[in-house]
Amino acid sequence: MKRLAGYYCFAIATLMLPLLFPDSYYVTVVGVTVCTNIVLAVSLNLLMGYAGQISLGHAAFFGLGAYSSAVLTIKYGMNPWLAMTAGVIAVTVLSYVLSRPILRLKGHYLAMATLGLGIIVHIFFVQADQFTGGPDGISGLPVLSILGYPIDSDLKWYWTFAIFMLASVLFSLNIAHSRSGRALAAVHGSEIAAQMLGVDTAKVKSHVFVFSAVLACITGSLFAHQQDFVSPESFSFFFSIELVTMVVLGGLGSTFGAVIGAILLSLLPEVLLVFEDFEVMIFGAILMVIMIFLPQGLFVAMEETFFRLLKRKSQGSADVTS
Amino acid sequence: MDQLLQFLISGLTVGSIYALVALGFSIIYNASDVVNFAQGEFVMIGAMSAIFLLKGGLPYPLAALCGISITVLVGLALDKLAIEPAKNATVVTTIIITIGASIFLRGVALLIWGKEIYGLPPFTGDKPITIGTATILPQNIWVMVGTAAAVLAVKYFFDKTIMGKAIMACSFNKKAAFLVGINVKQMLLISYGLSAALGASAGILIAPITFMSYGSGVMLGLKGFCAAILGGMGSSMGAVVGGLLLGLIETVGAGFISSGYKDAIAFFVIMLVLFIRPSGILGKAESDRV
């Protein structure tokens, strides 16, 4: 109960928002973007933060989910849920086949291979225009409905994304305290040591890669239905980099770090809009400054400071009583 | 066959540029273990400042020289203001710092130069030279000769000069280098300057052929990173070989398969190479340290 106290506060805040501000642009529009980015950052954190495997191509799986929903429902008239399932199966197979050779690589070579994967998939979205509509993308997805209830308003989409996001965060928090989570942590610490302890490192890494890809893929499907439009721009190399930035900015390896990073990086462009032409420059500067002065990440740094203060305070009160 | 010669010319031209960018990557990587994602921005800043200085009335050689100097200053500032203060950062953190730097520099370039596309005039005329059925522009020759000269100069610097050897010593073992009296901080600074100079030269060499805008650095930087990885990260000559190979793969892929998929083909080949040889073509196989 105590371990998840922070999670419950976060869940209550997320679910209170639409009740308090049902018409706010920041809830119904920005809120959905924030939730999307949180799930993606959390899924990438499973791979990068828990297992220590960098990926510069995470947007590819997000895009594959979105495009399989869009193409299969619009061009082939498939049921949305069926299309989503088809996307999940395709991404599972693809990521499983790729995971072994890709995760054999380390460090910069792994970064390069995942970057290549992301760019190839993006070019495919742009070039295969008989399926994907090319650079212009495709629009007009059918309405998604859950058990007969259509999700047809911004507020309903917020609820859908909020619940999906909270489930993902809970899952990510729990996995750290499970057998597989400890295996991942061991792989992160030292692959050779993990092997010596009997962890099948290749299998563990490949599983987390597939899982993280599938989570991104489902998010992509939901995103496509919510936006009612997909275009290659949303799944470019830049977005992959943005996701990595969210994870690292908040604090690599911490689920709430990924959450904070995602919230911050989704809200920052909204805030910086006032600066117009200076937006890009200020964004870059903020990124650099945070990483230079808080290399362990914003959330992790905040957490450490908080506990240090707490400790000092309890020591202080102990002095008084004695 | 005739086509092949033409592909060879264009491939080697683009490849030369990738080689210079990759060389810059590997110099910084060797000296400081940092993969500098702002490397592409050096190319853009070098070319754009030369373009605007030329417009401002400076003679061509002087404009080029000033363009390179400005970029070197940017490179030095990057090391002093962003890399040095974050000395204990992990690999991923430094990657994000250099990505932040690249976004920042692009933002500044956007403010100064706007979104338009600019080009430099060719160094010496634009009358094509015909070889058999293939044609070659004087600028293509400039690019290849310029790259060869830069690569040889870098090789000479690292092999023969005391300063070059000192930088090499830092890349092998910083502590040991410090103990024999090498000023490690200064050597890192010099590597950033050198790498920026190489990037800027690449930009000025290619600007008469491809045109430049504030965002041109991104793809060039990525390709340079690919080339460096293809050749084996940290190997200078590997970077040059990787760059030339990447240029050739791209042009041949674009010519024979599809121009739309040319980048995809290049990345696909690189992934295959990595799957077969996980440490690049000329890279040393790494053993795990326990």
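I looked up the interface of chain B and chain A in this predicted model: 47 residues of chain B are in contact (heavy atoms within 4.5 Å) with 40 residues of chain A. Local features need pLDDT of at least 70 and side-chain atom pairs pLDDT 80 or more, while totals for chains, interfaces and linings use all residues. Side-chain values use heavy atoms, without hydrogens and water.

I noted about 3900 Å² of buried area between the two chains, 84% of it from carbon and sulfur atoms; this is the accessible area (1.4 Å probe) lost on being put together, summed over both parts.

I then searched the interface for salt bridges (a side-chain nitrogen of Lys or Arg within 4 Å of a carboxyl oxygen of Asp or Glu) and got zero.

Over all chains, the search of the whole structure gave nine salt bridges.

A:Glu191 and A:Lys205 have their closest N and O atoms 3.2 Å apart. A:Glu191 counts as buried (under 20% relative accessible area) because its relative accessibility is 17%; A:Lys205, at 5%, is buried too.

B:Glu84 and B:Lys185 form a salt bridge at 3.9 Å, N to O. B:Glu84 lies in the loop between α3 and α4 of chain B and B:Lys185 in helix α8, so the pair ties together parts 101 residues apart in sequence.

B:Lys223 and B:Glu250 meet at 2.9 Å, N to O.

Key: Residues are numbered from 1 along each chain as its sequence is written. Chains are lettered from A and ligands numbered from 1 in the order in which they are written. Buried means under 20% relative accessible area, exposed over 50%, partly exposed in between (1.4 Å probe, protein chains only). Helices (H or I, at least four residues) and strands (E, at least two) are DSSP runs, numbered from the N terminus.
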